[in-house]
Amino acid sequence: MKELAHLKSKLLAEEVEEQIFQYIVKKNIRVGEKLPSEFELCRQYGVSRSTIREAVKALIGKGILEVRRGSGTYVIGTVPLEEDPFGIRDMPDKEAIAMDLVEVRLMIEPAMAEMAALRASKEEVERLRMLCERVEQKIKNEENYIKDDIAFHCCVAECSHNKIVEQIIPIIDTAVMMFVNITHKKLMPETIRTHKAVVDAIAEGDSQGARLAMTMHLTYNRDMIKNIRQV
């Protein structure tokens, strides 16, 4: 019975951990901002203080939160450490790093989409279309779509059937996460439109169309980050 109770407690803490992380993402809580008090979090999620503490402890371990004695709990990152193997999240001047990332993506992802149009199987195209539709649906429902956006770009990489390209997926993961957080979801209509264009071109085997659609998608990101840096 004790083991069962411990398991239930662990699963509840993991569920609350995810809810707190989604709260940070959906509310666009920036690095350096403070979370609500432990009491408020207990009330918000209807759980005990011990559950909140376990959830916060897990997020501290992932590099998302930091507890400052006598002050409170603060956000120190929005990209979990395991999703950022290159340590990009800890680099200063996030807008400058985002611009560097989009330049790298413009070098690689249009060609990646081009290869995908030539090599993707019907099953892979269907999965890509499903991810595209899922992102669109979540955007329209005002739900967090970052993980699905990442999955979409990773699927394009996998459709290229290039083993080296698949190794750089962690960079793509980090870049998508960073772009969505920095732009505060201002590119949602463009994301829907250009994702569809990429999928349609890959489905039709239109390699040049896929390259151009991905270039357009990334150019929207580049222009938005450029505008943010100039503000």
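User: What percentage of the 231 residues in the protein is buried?
Analyst: The structure is a predicted model, and a residue is counted here as buried when its relative accessible area is under 20%. Taken over the 231 residues of the protein, the buried share comes to 44%.

User: How many helices and how many strands does the protein have, and in which order do the elements run?
Analyst: The protein has ten helices and two strands. Read from the N terminus on, the order of these elements is α-α-α-β-β-α-α-α-α-α-α-α.

User: Is T191 buried or exposed, and which residues does T191 contact beyond its sequence neighbours?
Analyst: T191 belongs to helix α9, which covers residues 188-203. Its relative accessible area is 8%, and because the cut-off for a buried residue is under 20%, T191 is buried. With neighbours within four places in sequence left aside, the residues in contact with T191 are V135, I139, D149 and H217.

User: How are α5 and α9 oriented to each other, roughly parallel or roughly antiparallel?
Analyst: Helix α5, residues 122-140, packs with α9 at an angle of about 165°, and the two axes are 10 Å apart. Because angles over 145 degrees count as roughly antiparallel, α5 is described in relation to α9 as roughly antiparallel.

User: Is S207 buried or exposed, and which residues does S207 touch?
Analyst: S207 lies in helix α10, which spans residues 207-230. Its relative accessibility is 16%, and because buried means under 20%, S207 counts as buried. Not counting residues up to four places away in sequence, S207 touches E114, A117 and L118.

User: What percentage of the contacts between residues at least 6 apart in sequence joins residues at least 24 apart?
Analyst: The contacts considered are those in the protein between residues at least 6 apart in sequence, and the share of them that joins residues at least 24 apart is 71%.

Notes:
Residues are numbered from 1 along each chain as its sequence is written. This is a predicted model: local features need pLDDT of at least 70, side-chain atom pairs count only at pLDDT 80 or more; totals for chains, interfaces and linings use all residues. Side-chain values use heavy atoms; hydrogens and water are left out. Helices (H or I, at least four residues) and strands (E, at least two) are DSSP runs, numbered from the N terminus. Buried means under 20% relative accessible area, exposed over 50%, partly exposed in between (1.4 Å probe, protein chains only). Contact means heavy atoms within 4.5 Å. Axes are lines fitted to C-alpha atoms, for helices over the stretch in contact, and angles run from 0 to 180 degrees between N-to-C directions. Angles under 35 degrees count as roughly parallel, over 145 as roughly antiparallel, 65 to 115 as roughly perpendicular and the rest as oblique.
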